[in-house]
Amino acid sequence: MAKVHVTTSVNGEETEYLCEPHETLLDVLRNNLQLTGTKEGCGSGDCGACSVTVDGRLTCSCLVLAVEAEGREIGTIEGVGDKEKLSVIQQKFLEHAALQCGICTPGLIVSTQAMLKDNPTPTEEDVRYYLAGNLCRCTGYDKIVRAVMDAAETLPSERGA
Amino acid sequence: MAVADYKAPSTVSEAVSLLASAQMKAKVMAGGTDLIIQSKSQTAEPLLVVDLKRIETMKDYQLTDEGLSLGPAMCCAEFTALEDVKAVYPGLTEAAYLIGSTQVQGRASVGGNLCNSSPAADTIPALIANGAQCVIEGPDGDRTVPVEDFVTGVGKNCLAANEILKRIVIPRPAPGTADAYLRFIPRTEMDIAVAGAGVSVTLDADGTCTAARVGIGAVAPTAMLVPAAAAALVGTKLDDTALEAAAKAASEASNPITDRRGTVEFRRHVVGVLVKRAAKIAQSRAQG
């Protein structure tokens, strides 16, 4: 079958690409759009390294067909913070040394942002349950949880609340 | 299977026609969390994916005096956030909340969980406990199947190749009714049931159980309704003797296998314990 033409929005910018029906959103983000911040860990929806938002809802981009993105709004790690200034969540991950190899980090930051949008004042238990689908094999999670809790405490003052 | 073609119809009838006229193997996709993995991991046989997520009636719901009518493809994250549904069917909401991670729940659906027809699917025992009916559309019209008869084997169900589960209908529980779902997993999150139990009980004013339904999962090729376990509860005040009898009936009805998640003996025992505990939770909810 011929390639499919898809028009979508990635991090707020209208984006077009051609894809095969079998390609995943993860494949297209990395290979066609060169948005390589989104990582492939397991490729089967277990590890969360490829976490993105689709129409604001957190999901694994390896479990989404690229053709499904037509008309949707995709959010990736490249849409968090900017080159001049890290987002609060990114800054807190650095301050707490909440990463070692870094493969899980983009997914964790995208997931944390999605969580704090729905629940700006999570308990540690909320954080651990919400992020259970983001696997990290380096840190043992403790520093990640501290970074997320710190980001949650810092964000309201950043927003001027 | 390898996805070779993709269609996203806007009505169920259009989706049924696409299945009926497909020139290759065709499968419907709701969340795709099982289908996309299956399509990547097996043979190169070409596959047409018919995506149901552009069909509005596949993702909406109505909660009325009659009960719940659920679009089967609504994602679990949306479903578990429906406070009105949770107030009436807390056990079903719990079951949907147990499926995979936050990310998976952003895609996976109750209907997809049912149609994937895994023996360990969490929502199926909860749907059984609630007496859910499956409304299926095919080329010749609609038919309705009780959920306990929907799944026919491991990964198999009663849907013909050109049929689609278009609605899950659950009657509104009688006054004094509540449900609960419990599963056993060795972790606290992100795992597949070793055994599961959904229980619904109806209590009268003095706390006597007047009706019950018990569904068990992961302990047989399909999730199953256990009438003997329900019968052990009816007419009692869910005292220890009645709960033990229900547990024994569930254990005896089970037909588990030994695999890396548990042995036959363990599963038989645990499913009884889960029935007992779920019945207690349902009881306390029914007493409100």
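**Figure 1. Contacts and overall form of chain B.** Among contacts in chain B between residues at least 6 apart in sequence, those joining residues at least 24 apart make up 65%; two residues are in contact if their C-beta atoms, placed from the backbone, lie within 7 Å. The structure is a predicted model, in which local features need pLDDT of at least 70 and side-chain atom pairs count only at pLDDT 80 or more, while totals for chains, interfaces and linings use all residues. Residues are numbered from 1 along each chain as its sequence is written, and chains are lettered from A and ligands numbered from 1 in the order in which they are written. Chain B contains twelve helices and 14 strands, taken as DSSP runs numbered from the N terminus (helices: H or I, at least four residues; strands: E, at least two). The C-alpha trace of chain B spans about 60 × 45 × 35 Å along its principal axes. A compact globule of 288 residues would have a radius of gyration near 19 Å, and chain B agrees with 19 Å; this radius is taken over C-alpha atoms, and the globule rule is 2.2 Å times the number of residues to the power 0.38.

**Figure 2. Helix α11 of chain B and its surroundings.** Helix α11 (residues 240–253) of chain B has 14 residues, and its end C-alpha atoms are 20 Å apart, in agreement with the 20 Å it should span at 1.5 Å a residue. The expected span is 1.5 Å times one less than the number of residues in the helix. The buried residues of α11(B) are Leu243(B), Ala246(B), Ala247(B), Ala249(B), Ala250(B), Ser251(B) and Ala253(B). A residue is buried if 20 or more other C-beta atoms lie within 10 Å of its own, exposed if 12 or fewer, and partly exposed in between, with C-beta atoms placed from the backbone. The cover over these buried residues includes β12 (195–203), β13 (209–217), β14 (224–225), α10 (227–233) and α12 (264–287) of chain B.

**Figure 3. Ala250(B) and the largest nonpolar core.** The largest nonpolar core has 141 residues, of which Val199(B), Val201(B), Val214(B), Ala246(B), Ala250(B) and Val275(B) touch the most other members. Such a core is a set of buried Ala, Val, Leu, Ile, Met, Phe, Trp, Tyr and Cys residues joined through C-beta atoms within 7 Å. Helix α12(B) gives the most to this core, with eight residues. Leaving aside neighbours within four places in sequence, the contacts of Ala250(B) include Ala197(B), Val214(B), Ile216(B), Val271(B) and Val275(B).

**Figure 4. The side of chain B that touches chain A.** In this view, 21 residues of chain B are in contact with 21 residues of chain A. At least two residues of this side of chain B come from each of β1 (2–7), α2 (35–41), β3 (46–51) and α6 (102–105) of chain B. Strand β1(B) gives the most, with five residues.

**Figure 5. The two domains of chain A.** The domain assignment, automatic or from a database, gives domain 1 (4–79) and domain 2 (88–158) of chain A. The C-alpha centres of these domains of chain A lie 21 Å apart. Contacts join 13 residues of domain 1 to eleven residues of domain 2 of chain A. Strand β3 (residues 51–54) of chain A supplies the largest share of the side of domain 1 that touches domain 2, three residues. Chain A as a whole has five helices and five strands.
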